[in-house]
Amino acid sequence: MIPFVRDMTFEYGRPDVVSPLIRRVVANNPGPFTYLGTGTYIVGHGDVAVIDPGPALDAHLDAILAATAGERISHILITHTHLDHSPLARPLQQRTGAVIYGLDEPLHQADEGDDQNGLAPDEAARFRPDVVIADGQTLSGPGWTIEAVFTPGHASNHVAYALAEENALFCGDHIMGWSTTVISPPDGDMSQYYASLDRVQAGRFGVLWPTHGPPITEVDPFVDAYRNHRLARERQILGELRHGHATIAEMIPRLYRGVDKRLHGAAARSVLAHLIHLVRTGQVHCEGPPKLSSYFSVISNRTMGGEP
Ligand SMILES: [Zn+2]
């Protein structure tokens with residue numbers, strides 16, 4: 001079981017001091033993929049960085065400006081270019097002159113099926129920062145130092161930001177305390193996602209600040225449980241294949257029994273993400289590139305362990 005954290009005291013638009021260096025303003029865009037809404041972080045005092053300004057909502061722009069009245073926003077940092085994270089970057093820049101940092105548009109544009117997640121519409125996909133940040137690059141202001149930590153998986157252009165002074169990581173949507181993260185191919189990539197989980201854990205951060213929901217303070221057990229949840233799903237999928245359920249369409253009602261049918265489309269993309277990883281790692285066979293409509297089979301290999 002993943003030890004989800006969901007309790008959070010907040011009001012839309014109100015800046016809350018959540019640590020010595022961090023303030024958070026939540027945008028009023030709650031939903032099935034954003035939980036209570038986008039949490040925009042303001043880092044530092046006087047000269048500040050803003051992480052993920054959020055969706056294109058005038059009220060949220062006003063809230064960020066009010067929260068930083070009398071201060072200067074020097075940096076706008078983007079974790080990835082989904083609609084609930086990056087669209088307010090340009091309007092905020094126009095009002096403040098801050099420089100926008102992040103990665104260029106994702107490697108893969110949205111395809112059908114992605115729109116049902118509301119994740120990667122064209123507008124977000126065309127986003128370009130002023131400065132394309134490099135992995136490990138540091139940015140700083142008075143009293144704060146932030147390092148870019150590339151964490152692809154949820155999106156190919158996902159970057160987390162480590163705040164050295166608090167041993168904290170702004171982890172975007174890579175890790176979410178309230179829910180599992182959506183991995184939707186082709187831009188979502190399960191192999192990269194696993195590697196990025198390893199990377200976060202290796203960083204030994206004391207706290208993770210996700211864009212949606214409250215902070216994760218028990219980092220190690222949380223990431224372990226998060227990874228184990230995916231590995232358990234992987235084993236279930238291999239089990240389905242061994243029982244002759246060769247297509248995603250056959251597996252979904254079995255793997256997601258009791259889950260709202262409206263979520264089955266998103267679930268299918270998540271299972272596809274697992275199968276792409278299993279094909280890539282030589283555990284599953286598929287004729288041609290894996291697709292939602294493909295037929296899959298297990299590659300039997302005694303040394304691999306597998307199910308009884
Ligand atoms: Zn998000």
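Strands are DSSP runs of E with at least two residues, numbered from the N terminus. The structure is a predicted model, in which local features need pLDDT of at least 70 and side-chain atom pairs count only at pLDDT 80 or more, while totals for chains, interfaces and linings use all residues. Residues are numbered from 1 along each chain as its sequence is written, and side-chain values use heavy atoms, leaving out hydrogens and water.

Valine 131 belongs to strand 7 (residues 131-132). Its relative accessible area is 27%, so valine 131 is partly exposed (buried is under 20%, exposed over 50%, partly exposed in between; 1.4 Å probe, protein chains only). Valine 131 touches Val99, Ile100, Tyr101 and Gly102, not counting residues up to four places away in sequence (contact: heavy atoms within 4.5 Å).

A zinc ion is held by the protein donors Asp84 (OD), His85 (NE2), Asp173 (OD) and His212 (NE2), at 2.0 to 2.2 Å. Donors are N, O and S atoms within 2.8 Å of the metal (3.2 Å for Na, K and Ca); water is not among the atoms, so sites may look incomplete. The sequence spacing of the donor residues is D-H-x87-D-x38-H. Aspartate 84 and histidine 85 are both buried.

Five strands form an open sheet of mixed pairing, ordered 8-9-10-11-12. Strands pair if DSSP finds at least two bridges between them. Strand 8 (138-141) and strand 12 (207-210) stand at the edges with a single partner strand each, so one side of each lacks a neighbour in the sheet. Strand 11 (residues 168-172) pairs with strand 12 in the parallel sense over four bridges. Glycine 172 has proline 210 in strand 12 as its bridge partner.
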